[in-house]
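Hello,

Here is the structure I promised you. Please open it first, then read my notes below.

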Amino acid sequence: MEHTSTLEKILRGTAITLVILFFMFPIFWIFLMSFQTNETILRVPPSIVFEPTLSNYTALITGKLDTAAGTLEISFMKNLWNSLFLSTASVAVGLVLGVPAAYAFARLKFRGSEDIAFTLLSFRFAPPLLVLLPLTIYFQQIGLADTYIGLIWVYQLIVLPLILWIVRGYFEDIPADVEYAYRIAGHSWGATFRKIALPLAGPGIAAAGLLAFIFAWNNFIFALVLASADKQPVTVGALAFVTASGIQYGQVAAGIVLSILPTFALALYAQRYLVEGLSLGAVKG
Amino acid sequence: MSETMLRLENVDKFYGAVGKGVHAVRNINMDVARGEIIALLGSSGCGKTSTLRMIAGFEETSRGKIHLAGREVHRLPPVKRHVAMAFEGYSLYPTVNVRDNIAFALKAARLPQADVDARVNEVAEMLEIGDILGRMPGSISGGQQQRASLARALIRDADLYLLDEPMGQLEPQLRTLLRGRIKHYIKQRGLTAILVTHDQTEANALADRIAVMEGGVLQQYGSPAEIKERPANLFTGTFVGEPPMNVFPVTGSVVGDQLHLDLEGGLDLVYPQSAFAPQVREAIVKRGRVVLGVRPYAVRRSGEGPAARVLANQWLGDQSHIAAAFANGTLVLVEHDRANVDIGAEIRVALDPADLHVFDPESGKAIAHGAELA
Amino acid sequence: MSLQLIDIVKSFKDDVVLDGVSLEVASGETLVLFGPSGAGKTVLLRLIAGVIEPDEGSILINGENMDGVEPEDRGIGMAFQNFALFPHMDARANIASPLTARRESQTGMKRRVEEVAKLLKIDHVLHHKPKELSNGQKQRTALGRALAGEPKILLLDDPLRNVDAKLRFEMRLELPRLLKDQQATVIYVTQDYKEAMALGHRIAVMSGQGIAQIGTPEDIYLAPQNTAIARLFGDPVINLLDVVPERGAEGVQVRLSGTPVPLHQGHAASIGHDCVLGVRPEAIRFVDADAPGSFPVTIEAETPLNEKTVTLAITEKKREILISRPSGTPGPDRGQAHVAIDAGAALLFDRATGNRIAPASAAAKGEPA
């Protein structure tokens, strides 16, 4: 018995190491690249031994990109701020609209509620470009093109269905009796939503918010079409690294590292909520 | 009982690492003879289902040995153990009808169709599901699914039949009826069965011997009468028996030729010394404090004896249950006629030495039982 | 406060659960709703609580129509079968929830919660979250929450179902006092006939889509409306034997194992009709062979049941009968024996309809039919 379990441990450890290596290697490699110059990155054969430099990061932060063809102005920090603002604001709007809607879909089975919920989800099926073409024209006519509000509005196409469907599931998992009990105890419908439904679905709402944030952060096409340079997020801004004198791999890598940091930090922070979310089953006990 | 069908030897179950994880079953030893029906009785989390699943092979036996029909089986996969099991959660095959679900094992054994049909019909009639054999599992009630699952297990040829709460979903009236029929079915064929239940009525009605479990420990293993008359410890004494046994801490002392058992709250039970066997008397006096147990039906109202104030008097048709405040606690009496006592009234009770059980207050182990006191 | 239900109809999709249920519960009364699962007991409670709406009919609390009145405004306390505790609040906050709704003062709230907790013996676990409580403590917390607001109407939905046998028994003895102290009107749902008999001033037996019989425990046990209800009360279950009453030397009688057994003399009208004789197992006694009205049986098996000994015996006509006697009393355990039926306790039912036939003289005296 003891022998098999030791062997089991070794096998399991090896398997986990392999999986981690496979998935983490690109990120690890990019992390190394961000501390190298274009020359060391492109040498053959590649090596993990190099002299680290912070030049990529200083270039991004100061906004001055030195290339063979001269110095370029880039607005990476502005892009990073745009990403942060757009994603946060979109998720905030999405939660404010989506959570009550999710509750309604979970609890009030009105005529056509399933159809409406499905229609909202179906926004995720349409190719974004199909929506974008007419949208661009409308936005230009009503003056929403190239505004933060316009972008946040369009981002709801990504954020809202996600929040709606995830949070709805969490609300449905709360036994109706728990809410009935609170109402019978003398609390109004609104108080029951705030004091019972919201806290109990909290981990689910956090998880949905996090996922929505990541989706919004990684969006490329909406911002590419609808926003000009000063409103662009990092995903679009990264195009600036493809310069006339070639691709600036070092700066791209540093840009990636900087741009995944916020989502990464958020995910780490939210992890405990996600785990709590999985143990929501305790409600039913 | 002659030939041993099943033997558990020092069986342990750990969830997690052996010796470190949750110790769900603790060093169980028990023998089951061929043709016996055994009930594993206990509340949820007592280890009874883990034990059953180790016998079936669905759980790994962490330590110890399991012998079944002369073979060592604890390392074998379930299919090689030659056991049949009815699950608490029914687990029917959802894509075939009830008849094919029940007949599954017989068909796999390539029995002639006529035999299969006859056996399915017989067991289905017995369990009152003869009329739903053509239905799909999804379209029948929980109680019907449970009976179909039971039928599927009972129809098989196996060395041992394992029944996990086989009647948990059934209505009480049906449960009473089926208890008798299932017992008859098992006994008539000389099958050996282990039943897991939390319902002592079911255990008493079906089993030849009951294994009472709590905290992963086998508390007592004996016939229903043995467990009732000679509970091994306070747990078994108060767990088995409905209504549960009354228990009171007392202080024992000898005054002249009388044995005084002082209850809390100033009450005093006085018996002639001769009512107790010398070694029992000695054991009580030596310990000073012991716990006295008396079953509700053995408490009688009588003109003399200590007083109790009636808190409740509930008539259940064929019994009256009376609760009375007594010695800082509550004393429960069962009478078989309708009792005419008002709430708040004072009654006097008699506790016959022949009905007393004496337990050690620290270990909870029984020191002596009723009849052997004298 | 009194409670009145008038012609309540409720269906879910095409499934009619309640079809014209009317019910009146007096102030301070405990009414037990008893019946098998699916009989609509829980639906009825929810209708009274106001969390679902009836399709037709009205609910009156103290004469006031509750149509359109929100659950929080009905002044009701309810305990759920699965407890339905708020998992993110400790026991104290759970119990206090009816008081926070009324914006009671902190000190008043604390005092009331502790009072209720003490009564229910959970004052030492008030700071625990539901998942840290044992099943029994959960059940008491749920009960405490229902009681804390001192509601005048208390709905208890099988509150003892999910607790172990020992605690269930203790609570059964304790609850009547607790409920009496609250002076509340109580509707208590259960599937356990013992709970129903022990706790109810009256019992409403639900079956089909409505109430099959309503009456005191005595009415239901001693004069059940029909064989189905007779079978629901009593453990072991009542013996039902097909008989045809006839005129004998001593008046109306039936034949069991060929032996004449006298019946209540008020059953003269049933002579010659197909009937069912209902005899509770405790109304059959073992007697000597020469005792009057005795008939022979063969004993098949003997099992202990809750301080009773239950004997399964077979009559000469191969009919199974159950006989019960207090544990510890003498009786034969195998072979041939003779038994006699307590004629006064025997019930007669119409075989075609299953309805009970009340003996004539008793009916004249106005006994429940």
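In strand 21 of chain B, what is the bridge partner of B:F359? The partner is B:A366. This is a predicted model, where local features need pLDDT of at least 70, side-chain atom pairs count only at pLDDT 80 or more, and totals for chains, interfaces and linings use all residues. Residues are numbered from 1 along each chain as written, chains are lettered from A and ligands numbered from 1 in written order, and side-chain values use heavy atoms, without hydrogens and water.

**Strands of chain B**

Strands here are DSSP runs (E, at least two residues), and helices are too (H or I, at least four), numbered from the N terminus. Two strands pair if DSSP finds at least two bridges between them. Strand 20 (residues 356-359) and strand 21 (residues 366-369) run antiparallel, joined by three bridges. Their hairpin has six residues between the strands, and B:G364 takes a positive phi near 80° there. Strand 14 (residues 289-294) also runs antiparallel to strand 20, with four bridges. B:V294 stands opposite B:L356.

In strand 20, B:L356 and B:V358 point one way, B:H357 and B:F359 the other. All are buried (under 20% relative accessible area, 1.4 Å probe, protein chains only; exposed is over 50%, partly exposed in between).

**Nonpolar core**

A nonpolar core is a set of buried Ala, Val, Leu, Ile, Met, Phe, Trp, Tyr and Cys residues joined through side-chain atoms within 4.5 Å. The largest has 91 residues. A:F171, C:L18, C:L33, C:L44 and C:L155 touch the most other members. Helix 7 (residues 148-173) of chain A gives the largest share, twelve residues.

Best wishes
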